[in-house]
Amino acid sequence: MSRRARITVFAFAAAGLAALLVASVVDLPAFGHYQGAYGNQLNREAVAERHTTNVVTAVVFDYRGFDTLGEEFILFASVVGVTLLLRRHKDSEDEESVLRKAPDDHTRSDAVHVGGLLVPPALFLLGLWLVAFGLVTPGGGFQGGVLLAGSLFVVFLAAGFRPYHHLTPTPWLDFAEGMGAAAYTLLGVGALLAGASFLHNFMGPGLRGTLESGGSLPLLNWATAVAVTAAMLLLFSEFLESYVVPSTRPLR
Amino acid sequence: MIPLQLAALLMVALAGTTVVLVRDPLRMTILNAVYALTLTILFLVFQSPDVALSMLVVGGIAYPVVLLAAIARVRSGSEHE
C-alpha cells in the first residue's frame with residue numbers, strides 16, 4: 001500500500017473515531033453530577049454504617065470485599081507463575097552462587113549514597129501511613145503495599161544488588177505472601193464462624209474517623225498490604241536474579 | 001470545565017504523544033512514567049485521590065520496574081546462555 005493510500009485510510013479511521021468520541025462525551029452527565037444509584041447510596045450510608053470516612057476503601061474491603069479476594073489471588077497466581085517460569089534459569093543455584101555471580105554494582109557517588117540513606121526510609125514511612133490511614137483518608141493496602149516495595153527498589157538503585165538481597169530474604173517473602181493471602185481468606189471464614197456470611201464485617205464499627213473504625217476492614221486492609229508488598233518484592237527479586245545476576249556487567 | 005482541569009487534560013495529551021513519538025525503549029519507559037504522573041495529576045484535579053494513588057504506584061513504580069527488567073534482559077541477552 002502506498003504512503004498516500006495509508007494516510008487516506010488513517011484519515012477516515014481517525015475522523016470516525018473522533019466523531020464517536022465527541023458524540024459519547026457530549027452525552028456524559030456534567031462533572032459532579034454522578035448518576036449511578038448504587039454509588040450515591042453508598043455515599044449516603046457507608047460512613048454512618050461502617051464509620052470509615054474513606055468510602056472507597058469501605059467499598060474495596062467491605063461492600064465488595066469478595067472482589068478484592070479475587071484480585072488478591074490474581075496477584076498471588078501471577079507471582080507463582082513468574083516464579084515457575086523463571087525457575088529453569090536458576091536451577092541448582094543456591095544463595096552463595098547467586099551472590100557470587102552478581103555483578104559488582106557498588107555505587108561510588110556520595111550523592112547517591114546520601115539519597116539512598118534518606119529516600120527509602122521516607123518512602124517506607126509514607127507507605128505505612130498510606131496503608132494505616134487508608135480507611136480515613138485516600139490510600140489503602142494496594143497503594144501502600146506497592147510503595148513499601150518501592151522503597152526497597154530504591155535500596156537496589158542506590159546501593160546495588162547485595163544490600164537489596166540481604167534486606168529481602170526470599171523465604172521470608174514467600175512466607176509473607178502466603179500469610180497475607182491466607183489472612184484475608186481466614187478473616188472471611190471468621191465471619192462464617194461468627195454466624196454471618198463469608199467476609200461479612202463481623203466486628204463493631206469503632207470510632208468514626210480514627211484507625212479503630214471499620215471493624216474487620218482494617219485487618220483485611222493490612223492483610224492485603226502484606227500480600228501486595230511481598231508479591232511486588234518477589235517479582236522484582238525473581239527478575240533481578242534471573243536477568244541481572246547472570247550478566248557480566250552491572251545493570252545500566 | 002475549569003482552567004485547572006483543562007491544563008491537566010492538555011498535559012496528559014502532550015505526555016501521551018511524547019511517549020508514542022520516542023523510539024528508544026529506555027527513554028520510552030521513563031517518559032511513560034512521566035505520562036503516568038500527568039494522569040495522576042489529572043485524577044487528582046478531577047477529585048479522585050484514590051484512583052490517583054493507584055495510578056501513581058502502578059505507573060510510577062510497578063510498570064517501569066517490569067519494563068526496565070525486560071530491557072535489561074534484552075540488552076544482556078547476547079552475553080550469556
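Trainee: How are α1(B) and α2(B) oriented relative to each other, roughly parallel or roughly antiparallel?
Mentor: In this predicted model, helix α1 (residues 3-21) of chain B and helix α2 (residues 25-45) of chain B pack at an angle of about 165 degrees, with axes 9 Å apart. Since angles over 145 degrees count as roughly antiparallel, α1(B) and α2(B) are therefore roughly antiparallel to each other.

Trainee: And which hand does the crossing of α1(B) and α2(B) have, left or right?
Mentor: The crossing of α1(B) and α2(B) is left-handed. Among the residues making the contact are Leu4(B), Ala8(B), Met11(B) and Val19(B) from α1(B), together with Met28(B), Tyr35(B), Leu39(B) and Val45(B) from α2(B).

Trainee: What does the contact of α1(B) with α2(B) look like by class?
Mentor: The contact of α1(B) with α2(B) has 14 nonpolar and 5 polar residues, with no charged ones.

Trainee: Switching to chain A, how do α6(A) and α7(A) cross?
Mentor: Helix α6 (residues 110-132) of chain A and α7(A) cross at roughly 170 degrees, and their axes come within 8 Å. That makes α6(A) roughly antiparallel to α7(A). The contact includes Gly116(A), Pro120(A), Phe124(A) and Gly127(A) of α6(A), and it includes Gly141(A), Gly144(A), Gly145(A), Leu148(A) and Ser151(A) of α7(A).

Trainee: How many nonpolar, polar and charged residues are in the contact of α6(A) with α7(A)?
Mentor: By class, the contact of α6(A) with α7(A) has 14 nonpolar and 9 polar residues, while charged residues are absent from it.

Trainee: What about α4(A) and α9(A), at what angle do they cross?
Mentor: The axes of α4(A) and helix α9 (residues 170-193) of chain A cross at roughly 160 degrees and come within 10 Å, so α4(A) and α9(A) are roughly antiparallel to each other. α4(A) passes α9(A) in a left-handed crossing. On the α4(A) side the contact includes Leu69(A), Glu72(A), Phe73(A) and Phe76(A), and on the α9(A) side Glu177(A), Gly180(A), Ala181(A) and Tyr184(A) are among the residues involved. The residues of the contact of α4(A) with α9(A) divide into 6 nonpolar, 5 polar and 2 charged.

Trainee: Where do the residues of the largest nonpolar core come from, element by element?
Mentor: The largest nonpolar core has 32 residues, and those with the most contacts inside it are Phe153(A), Tyr164(A), Met232(A), Leu233(A) and Phe236(A). Two or more residues each are given to this core by α4 (65-86), α7 (141-159), α8 (161-167) and α10 (217-244) of chain A, together with α3 (49-76) of chain B. The largest share, 10 residues, comes from α10(A).

Trainee: Which residues is Leu233(A) in contact with, leaving aside neighbours within four places in sequence?
Mentor: With those neighbours left aside, Leu233(A) is in contact with Ala149(A), Leu152(A), Phe153(A), Tyr164(A), Thr168(A) and Leu173(A). There is also a second, separate core of 15 residues, which includes Leu42(A), Val55(A), Phe61(A) and Leu135(A).

Trainee: Back to chain B for a moment: is Val65(B) buried or exposed?
Mentor: Val65(B), found in helix α3 of chain B, is buried, with a relative accessible area of 15%. Not counting residues up to four places away in sequence, Val65(B) touches Phe153(A) and Phe236(A). Within its own chain, Val65(B) lies 36 residues from Thr29(B) in sequence, and the C-alpha atoms of the two are separated by 9.2 Å.

Trainee: And Ala46(A), why does that one count as buried?
Mentor: Ala46(A) counts as buried because its relative accessibility is 0%, where buried means under 20%. This residue is found in helix α2 (residues 37-50) of chain A. Leaving aside neighbours within four places in sequence, Ala46(A) is in contact with His51(A), Val55(A) and Tyr63(A).

Trainee: What is the phi of His51(A)?
Mentor: His51(A) has a positive phi of about 65 degrees although it is not a glycine. Most residues other than glycine have a negative phi. His51(A) sits in the loop between α2 and α3 (55-63) of chain A, and at 19% relative accessibility it counts as buried.

Trainee: Where is Gln47(B), and is Gln47(B) buried or exposed?
Mentor: Gln47(B) is in the loop between α2 and α3 of chain B, and at 62% relative accessibility it counts as exposed. Its phi is near 65 degrees, a positive value in a residue other than glycine.

Definitions and conventions. Residues are numbered from 1 along each chain as its sequence is written. Chains are lettered from A and ligands numbered from 1 in the order in which they are written. This is a predicted model: local features need pLDDT of at least 70, side-chain atom pairs count only at pLDDT 80 or more; totals for chains, interfaces and linings use all residues. Side-chain values use heavy atoms; hydrogens and water are left out. Axes are lines fitted to C-alpha atoms, for helices over the stretch in contact, and angles run from 0 to 180 degrees between N-to-C directions. Helices (H or I, at least four residues) and strands (E, at least two) are DSSP runs, numbered from the N terminus. Angles under 35 degrees count as roughly parallel, over 145 as roughly antiparallel, 65 to 115 as roughly perpendicular and the rest as oblique. A crossing is left-handed if the near helix is turned anticlockwise from the far one by less than a right angle, and right-handed if clockwise. Contact means heavy atoms within 4.5 Å. Ala, Val, Leu, Ile, Met, Phe, Trp, Tyr, Cys and Pro count as nonpolar, Asp, Glu, Lys and Arg as charged, and the others, Gly among them, as polar. A nonpolar core is a set of buried Ala, Val, Leu, Ile, Met, Phe, Trp, Tyr and Cys residues joined through side-chain atoms within 4.5 Å. Buried means under 20% relative accessible area, exposed over 50%, partly exposed in between (1.4 Å probe, protein chains only).
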